[in-house]
Amino acid sequence: LTSQTQNIDVTKEIVNPKNEYKIGDIVTYSIKFKIRENENNRASISEVNVNDVYPEEYLEYLPDTLVKKGEDISLTKEEGALRIFTHLNYGDTKEVRYSMRIKDNANGKELNNVVSTTELLGDAVGSTANKTIRVNDPKIDIQKSVDKLEYKVGDEITYTVKIKSLVPGTTITNVNIKEVIPKGLDLKEDSGKISINRCRNS
């Protein structure tokens, strides 16, 4: 009877998912790994390595948040990666949870974490999984000006309001601008104009 090659399955989830994250937000990840179900080979795997690569430039690992669910799980931090070592019995699922803080320089970025599994002393086939988050914490600048400094009764005054997005890569939605008209002025109907100047950042 030929022994079937085993597969190590891995999944990665975000425990507190959002469509978008802000600077300083805490992201909690869950990694689960197990031997894939099969009919012919239900042996244990003595040395499994789970390698989680993350963009350390933009994410800060918080070691105090680490939670290990399963026996004999060890974790070491390397540059831009977390390495998890353990063994797997057939039918068991092990889990590691940890959190990361989004750094100040991550605004406007998409941050991808990739986790992979390997057997250190054998030919079991590993697998990979990944999760991507978007950091969108926009800042805006508003400026208002008039077309001249002095007016006479009956003159028309032209106001210009400029709104600028200050952070490359971020998106501002549902912008609502409220303009209070001073006493003594009447709004000229259909005088409002909107123009958009799109700037591409290199």
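**Aromatic pairs and charges over rings**

Mentor: In this predicted model, Lys12 lies over the face of Tyr29, at 4.6 Å from the ring centre.

Trainee: Which other ring has a charged end over it?

Mentor: Tyr159 does: the charged end of Lys144 is 4.6 Å from the centre of that ring.

Trainee: How many aromatic pairs does a search of the whole structure find?

Mentor: The search gives two.

Trainee: Why is the pair of Tyr29 and Tyr98 called tilted?

Mentor: The ring centres of Tyr29 and Tyr98 are 5.7 Å apart, and pairing asks for centres within 6.5 Å. Their planes stand at 35°; stacked needs under 30 degrees and edge-to-face over 60, so the pair is tilted.

Trainee: What makes this pair a tie between parts apart in sequence?

Mentor: Tyr29 belongs to strand E2 (residues 26-35) and Tyr98 to strand E7 (residues 93-102), so the pair ties together parts 69 residues apart in sequence.

Trainee: Why is Tyr98 called buried?

Mentor: Its relative accessible area is 0%, and buried means under 20%, so Tyr98 is buried. Tyr29 also has a relative accessible area of 0% and is buried.

Trainee: Why is the pair of Tyr61 and Tyr98 called edge-to-face?

Mentor: The planes of Tyr61 and Tyr98 are at 70°, and the class takes angles over 60, so the pair is edge-to-face, with centres 5.9 Å apart. Tyr61 is in strand E4 (residues 59-69) and Tyr98 in strand E7, 37 residues apart.

Technical notes: Residues numbered from 1 in each chain as written. Predicted model: local features only at pLDDT ≥ 70, side-chain atom pairs only at ≥ 80, totals over all residues. Heavy atoms only, no water. Phe/Tyr/Trp six-rings, centres within 6.5 Å; stacked < 30°, edge-to-face > 60°. Helix = DSSP H or I, 4+ residues; strand = E, 2+ residues; numbered from the N terminus. Buried < 20%, exposed > 50% of the residue type's maximum accessible area, 1.4 Å probe, protein only. Lys NZ or Arg CZ within 6 Å of the ring centre and 35° of its normal.
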